[in-house]
Amino acid sequence: MSLVLLAVILALGWAAATGAFTLLNLLFGALIAGLGLFLVRDRVESPRLLSRARRIVSLAGLFIYELALSASRVAVLVLRPDMHSHLRPGIIAFPLTATRDAEITLLANLITLTPGTLSVDVSEDRKILYVHALSVTDKEALIAEIARGFEAKVMEAFR
């Protein structure tokens, strides 16, 4: 994407955010966009930018899907008259493949934001993430689900 096209898109975004599509406001937005793009031009002109944006959107899509799925599972669990007989709370030790602090932090936050799971702690050597879940019937399946889902997408988005 060329810098000029990106500046036009940012100027239109500025006008939409301020609610005024006047010529003066569009020019001001273009000026601000131009200055901002000048400062970050080496990052924006990179061909990897679109590829990374696609991977981040993919991660966001997975999170929204998992959020809806987990919310429905927890709702069904909570609405059961015999809820306590179906609860199988437990803490699992999830072996981390992610090594960077940002990746581990994002993974832990995504797990915590998903209903029914909570990131409890990270080991001091950053190799294990402890996760609490409301219903743990198969620890290995839960570990595999997190590894194939959130962890794989987080590492894909950051590398």
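## A loop residue and its setting

R126 is located in the loop that connects β2 and β3, where helices (H or I, at least four residues) and strands (E, at least two) are DSSP runs numbered from the N terminus. Although R126 is not a glycine, its phi is positive, at about 60°. R126 counts as partly exposed, at 44% relative accessibility; here buried means under 20% relative accessible area, exposed means over 50%, and partly exposed lies in between, with a 1.4 Å probe and protein chains only.

The model is a predicted one, in which local features need pLDDT of at least 70 and side-chain atom pairs count only at pLDDT 80 or more, while totals for chains, interfaces and linings use all residues. Residues are numbered from 1 along each chain as its sequence is written, and side-chain values use heavy atoms, with hydrogens and water left out.

## Salt bridges

A salt bridge is taken to be a side-chain nitrogen of Lys or Arg within 4 Å of a carboxyl oxygen of Asp or Glu, and by this rule the count comes to three. One of them pairs D101 with R126, whose closest N and O atoms are 3.0 Å apart. Because D101 belongs to helix α6 and R126 to the loop between β2 and β3 (128-133), this pair ties together parts that lie 25 residues apart in sequence. D101 is partly exposed, with a relative accessible area of 44%.

E103 takes part in a salt bridge with R159, at 3.0 Å from N to O. This pair links distant parts of the chain, since R159 is in the segment after α7 (139-158) and E103 is in helix α6, 56 residues away. E103 also forms a salt bridge with R100, where the closest N and O atoms are 3.9 Å apart.

Helix α6 contains 13 residues and reaches 18 Å from its first C-alpha to its last, which is close to the 18 Å expected at 1.5 Å a residue; the expected span of a helix is 1.5 Å times one less than its number of residues. Its buried residues are E103, I104, L107, A108, L110 and I111. Seen down the axis of α6, these buried residues fall within an arc of 160°, so they line one face of the helix; the arc is that of the directions from the helix axis to the C-beta atoms.

T114 is found in the loop between α6 (101-113) and β2 (117-122), and it is buried, with a relative accessible area of 5%. The side chain of T114 reaches the backbone oxygen of L110 at 2.7 Å.

Helix α2 (residues 23-39) has 17 residues and extends 24 Å from its first C-alpha to its last, close to the 24 Å expected at 1.5 Å a residue. N25, G29, A33 and L37 are buried in α2. Viewed down the axis of α2, its buried residues fall within an arc of 100°, so they line one face of the helix. An α-helix has 3.6 residues a turn, so residues three or four places apart point the same way. The face of α2 turned away from its buried side carries the exposed residues L23, L24, L27, L35 and L39.

W14, F28, L31, I32 and L35 make a nonpolar surface patch of about 460 Å². Patches consist of residues with over 30% relative accessible area and no salt bridge, with like charges joined within 9 Å and nonpolar side chains (Val, Leu, Ile, Met, Phe, Trp, Tyr) joined within 5 Å; accessible areas come from the Shrake-Rupley method with a 1.4 Å probe, and for residues only the protein chains shown count as cover. Helix α2 gives the most to the nonpolar patch, with four residues. W14 is found in helix α1 (residues 3-18), and it is partly exposed, with a relative accessible area of 31%.

I128 lies in strand β3 and counts as partly exposed, at 27% relative accessibility. I128 and L96 are 32 residues apart in sequence, and their C-alpha atoms are 5.4 Å apart in space.

Notes
Polar contact = N/O pair within 3.5 Å; in protein donor to acceptor, adjacent residues only side chain to side chain.
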